[in-house]
Each structure stands twice: as structure tokens, then as C-alpha cells.
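Subject: Structure handover

Hello,

Here is the structure we talked about. Please open it first, then read the notes below it.

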Amino acid sequence: MKEILRKFERLLWEECVSYEKNAEELYHGLEVNDADDTWYWKDIDYSDEQRSFWPAAEHFKRIRAILNGFGKARLSEDKPYAAKMIGALKYWLIHDFENPNWWWNEIGTPLHVGNIAMMMHSVLDEATLAQAAEIVAKGSMSQIEMTTARWTGANLMWCVLNTIRHALITEDAPLLRLAADRLSEEITVGLSGGIQKDLSFFQHGPRLYSGGYGRSFVCDVSKILFLLNETEFQLPCEKAELVLSFILEGLRPMTQGKGLDWACIGREISRVDGGHVGKLESSLELLLQTPGLPRKRELKDFLRSMHGGTQGDGTKYFEKAFMLCHHFDGIYVGAKFLNDKLYGAEIINGEGALCYNMSYGTHTCIMRTGEEYLNINPVWDYSRIPGTTSRLETDAQLLMHVDWRKCPLPNDHFGGIEKDRRAAIYELAEHDGIKILVTDFAFENGFVCLGTEWEINRTGGEELVTTVDQCLARGPVSFEKESVIHNSIRYTPLQSTHMEAKVETKYGSWQRNNAALSDETVSADVFTLSIPHPAGRRCEYAYMISSAHTPMPEVEVLRNDCEVQAIRLPDGSLMAVFHRSCVFSENGYEIAGEAGRIELNVTNEQP
């Protein structure tokens, strides 16, 4: 156990801890509390009980920033400094602040106290260490009897790590064994939460959270694999292999550079840097330091792709998550659809309040660098979610929608398939009187999106809009015949589709979609590409996404109606989705299809 403690302590001291103030400024900002000779910060409101970004938790962050900023040696060499830092820890231990959000009391606070106690254990007396252990125990399996039944996925990983912290601080080997065994049970496929059969990740019900809770899951499990490796507590090989499969075949397909597909992040899209790979990067580095793990070449490739290396071409359809990820010609296009089996976006603790238009699917995420949507959220028009057909609504109107966070779509017409670098995904998107059939096709050097009206109930002269993209402006917008080019990505209207492109400076605040964040006005230049649907016209559209660095694929839309949506590719082959049972005939091709049939590569030797 001492070796595990040594490794854990080393990780904590080597961790890069950023804070807006440096260690020296934070250290000199500490004030003595004469009542008990402890130390605190006067500018922290310890009584504020915000549920997500808890102001009192700044106390932990500042202690960590000071410790990591000054380094381990100073604790043993500078006694006045050590006494002051012990006093800062004791301030929390004595007051034992709590939050109305259970997460802080059972996960967050034990996590922070445990980390600080392990970093400072060499200068803490037995009484202080025991007091710290009592708080860490609140998040440990030694006290939480319902952990197995109540927690899954990332929440359970946090509990496992807190149990490990508790075991190391109290030198309790049986408790450490309990944590390792429970972790091993959770690393499996098929539970309601956690890793799914298609290697996506669910949390809070059947809801995609690969880039949110799933990313946290990976970060914690990677740390545990490193800590327990080559000890009697190490995890079985097959468990480590499953984690690696989730990273490489579950998370990697949803990334481009250091950017995550915004549709796989969940409500964390409302947080600063929420769309960034974040600590996943350091987790890969840690796994590469862990002896005996397989697939290290692939981990290195993934890490290199985050630093400007080639992501490579690849296509994956996630059947459980109902998501299609397509990498081609240096571009990533993700299509996240929804159905009556899945939940969409959610609101928790004031996060994600404006995300209603993420609750009915047909989302597209289009990236070349991975930074196209990074921190766009303060200025995003949430009625124009890329890929959706919707009404244009203000923030106030979006907030008026009834609770939708556990309301799957009413339809059961959906499907998808992927094979040999080609794929298709479709759904009947139904919301607010709008019913529109949407099919996206992925092929070797492009991506086509088709939409056709099933039924639209409008009032007066109401206009609807299909948003092709809404991202941070990356250089000028140019035109190539009818195509719009931005960020070296070519958007080409097909059939009679008309697109409108603009770049404008937009203003907003983080607080718009996250009640705990700043209401300070920020601005950014935003590229918006839309397909307007004036009142009195059917909502139909067809467009293609391709690289501006390669010749434009000659793609023809053959059908885009409520029976069939189909395209012909440059090699003459067809891709088609049948929405109703019918016979599709086109230039010598004849296909009889049942509703829900998908064809990815239909060829005809005698057209």
C-alpha cells in the first residue's frame, strides 16, 4: 500500500494546477481566524450554496494551487509555511461545510480533502489526519452502503477513487480490495449506465455522455490502472482492455484534434472548455507509463492526433447511441440523432437551460481543427443548433418549453448502418408541430444531408430554418459556384436548396446557459450557414459537406421524399433509405424495399 500511496502522491504533486492568481498571491491572501488559529480567504463566500460551481470549493482549489506552485520540498523546509497550510486545511476540517447538492458532500469534498491530506501527510499530526479521514469517509464505500445500487459509471468511479484515498490514508488494505473489486465489476458492457455494447457511454439513463461523464470515467480509471498496476490489487487484463477499447473505439471516433463532438458532451457543453478533451490528454500519457498495457501504439497515435497529427479516415455508427462519426479528407462530421429509446439533452443545477433544440436530434458537428465550437456557447443562438430544422426563438422562448430532459421523441421510425467507410442514419424528427424525415449519408470523400417535410403545422407567416452550421468564424467566407467555403470546408447545396451564409459579431454571456457562471458580456465572430423555409413552402433541403482541398464529389440526389431518400455517388453506386415499402426505380436501377431498409452500395452493371 505504501507504494500505491507514493505513486498517488507523486501524481498529485506533478499535476498541473492552474488558477487565475499565482501561488505567492494566494498564499499572502490567507487571513488568520483568531477563534481557532486556522487560515481562510476573506473573499470566499463560504455560506453561498450554489449547487454546481460552489464558491466554498475555491478553498480547496487555492490550497492545491499553492501546494503545487511552491512544490513538495517547501513543506519540509519551511515550517511557518507548513503551519499556515495545515491551518488552511484545518479551517475546512473544523467547519465541514456542506452543499445542498449531494455530489459535493459525497464526492467532491472527500476528493479534495483526500488529495490535500495525501500531499501533506508527512507534516500532519495524527489527529488532523484522522479528522481528514472522517470527511474522506463520507465518499467511501466504508460508509455508503447503497453505492452499488445507486451509483454507476463516472459517479461510481469517483466513489472508488475516494475509497482508495480513504484506504491509503487509514492504511486499510481490505477497504482497498473492496474498491478494486467494485471497480472491476463496473468495467463491463451492458449496464444501464457506463460503457455500452457499441462502446458509447451512457449516464443519467439512456443518454449519450461519452465526452462528459465518459471522459471523466476514463480519466479516473486510467489513474487507478496506473496506481494499482503490478500490485496485488491490480485489475484483470480483460478489464483494462475494455477501458482501452472504449478510449480508442468509443471516444476517439468522436474527436477531432483536441475537440470533442459537442453532441456527445451533455450538459457540460455549458461549461468553460467543456468541448475540449481536457484531462483525457494527460490520461493517455499516464496509460503510456503503465507497464503491461496493450495497444500503446494506438494510444500514441490518438495522442499525436490531439497535437496536430493526422486523425486518419474512419467511419463508425454507434447503434446504441444512435450516432454516426465520419472522418475523411481531414474533416470530421458527426451526426447525433434521437428516438423513442433515448434521452436528449438535460438540465441539472442550472446547466443546459437553453438546450431544448438538442432534445430532438438531427444534430451535426463539423470540424477541421477541433476548435470550431470551443467556448462558442455564450454567443450561440440555441434556436439554430447545427443540423436541426426549427423555429427561430429567443432565449426567453426556449426557456418556456416544458420539462424535456426525460422525454424521448414520440416516433419509432429511425435507424442506421455502417460498412466499408459508408454509412447512413435516419429519423423522423418530431417536435412542436414539425415532422421532418432526415437522412445523412457518409461516404469516402463526403457527407450528404437530406431532409423532407412529413408534416408541418405553422401559424401565420411563420418561417422555419434548417441550420447547416453555426461555429466560430475561421477566416473569410468564399464562394465556388453555388458552394460556400469556410475553414477549408465546402458546403454545397443540392437540388433547389438555397443557402444563406454570414459572419457576424455576436454577444452573450456564459450565464445564459449556466446559472453559476459569469454574466459578463463576451463577444465572438460567428459563421452561420442556414437554409430558410419561408411560410407556404415545403421544408425540403439537400446539401453536401466536403473538403475544399479536394475536387468536389459529383453527387446527385435521386429521391428526397417521404418514401425514399437516395443519392448517386461519383462511381455510379447508390445509397438509399426506404421510409415506406415501395419499389424505387431510377435509370435502370430497381430496388424493392421495406420500410427501414438501408442500402449503402447499390451498383448496376447495365444502367
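**A loop residue, and what follows**

L342 is found in the loop between strand 9 (331-336) and strand 10 (363-367). Helices (H or I, at least four residues) and strands (E, at least two) are DSSP runs, numbered from the N terminus. This is a predicted model, in which local features need pLDDT of at least 70 and side-chain atom pairs count only at pLDDT 80 or more, while totals for chains, interfaces and linings use all residues. Residues are numbered from 1 along each chain as its sequence is written, and side-chain values use heavy atoms, with hydrogens and water left out.

L342 is buried, at a relative accessible area of 6%. Here buried means under 20% relative accessible area, exposed means over 50%, and partly exposed lies in between (1.4 Å probe, protein chains only). Beyond its neighbours within four places in sequence, L342 is in contact (heavy atoms within 4.5 Å) with F202, P206, K320, A321, F322, K336 and P408. One of these, A321, is 21 residues from L342 along the chain, and their C-alpha atoms are separated by 7.8 Å.

**Two other residues**

V465 belongs to strand 16 (residues 464-472). V465 is buried, with a relative accessible area of 2%. Its contacts, leaving aside neighbours within four places in sequence, are R384, T388, T389, S390, L392, S530, I531 and H533. Between the C-alpha atoms of V465 and R182 there are 49 Å, and 283 residues along the chain.

A173 is in helix 10 (residues 173-186) and is partly exposed, with a relative accessible area of 31%. Not counting residues up to four places away in sequence, A173 touches M1 and F233. A173 and E540 are 64 Å apart in space, C-alpha to C-alpha, and 367 residues apart in sequence.

**Cavities**

The structure holds four cavities of 30 Å³ or more. A cavity is a set of points, on a 1 Å grid over the protein atoms alone, where a 1.4 Å probe fits but cannot get out; lining residues have an atom within 4 Å of a point. Grid points are joined across faces, edges and corners, and a volume is the space filled by probe spheres set on the points.

The largest cavity has about 150 Å³ of space. Its lining includes R207, W262, K336, Y343 and H363. By type, the lining residues are seven nonpolar, three polar and two charged. Ala, Val, Leu, Ile, Met, Phe, Trp, Tyr, Cys and Pro count as nonpolar, Asp, Glu, Lys and Arg as charged, and the others, Gly among them, as polar.

The second largest cavity has about 110 Å³ of space. It is lined by 16 residues, of which W262, I265, G275, Y373 and L374 are the closest to its centre. That lining divides into nine nonpolar, six polar and one charged.

**Aromatic rings**

Rings of Phe, Tyr and Trp (its six-membered ring) pair if their centres lie within 6.5 Å; planes under 30 degrees apart count as stacked, over 60 as edge-to-face and the rest as tilted. By this rule there are 28 aromatic pairs. One of them, Y40 with Y91, is stacked, at 5.2 Å centre to centre and 15 degrees between the planes. This pair links distant parts of the chain, with Y40 in strand 2 (residues 38-40) and Y91 in helix 5 (residues 79-95), 51 residues apart. Both Y40 and Y91 are buried.

Key:
1 Å grid on protein atoms, 1.4 Å probe; cavity = no way out; pocket = protein on both sides within 12 Å on 5 of 7 lines; lining within 4 Å.
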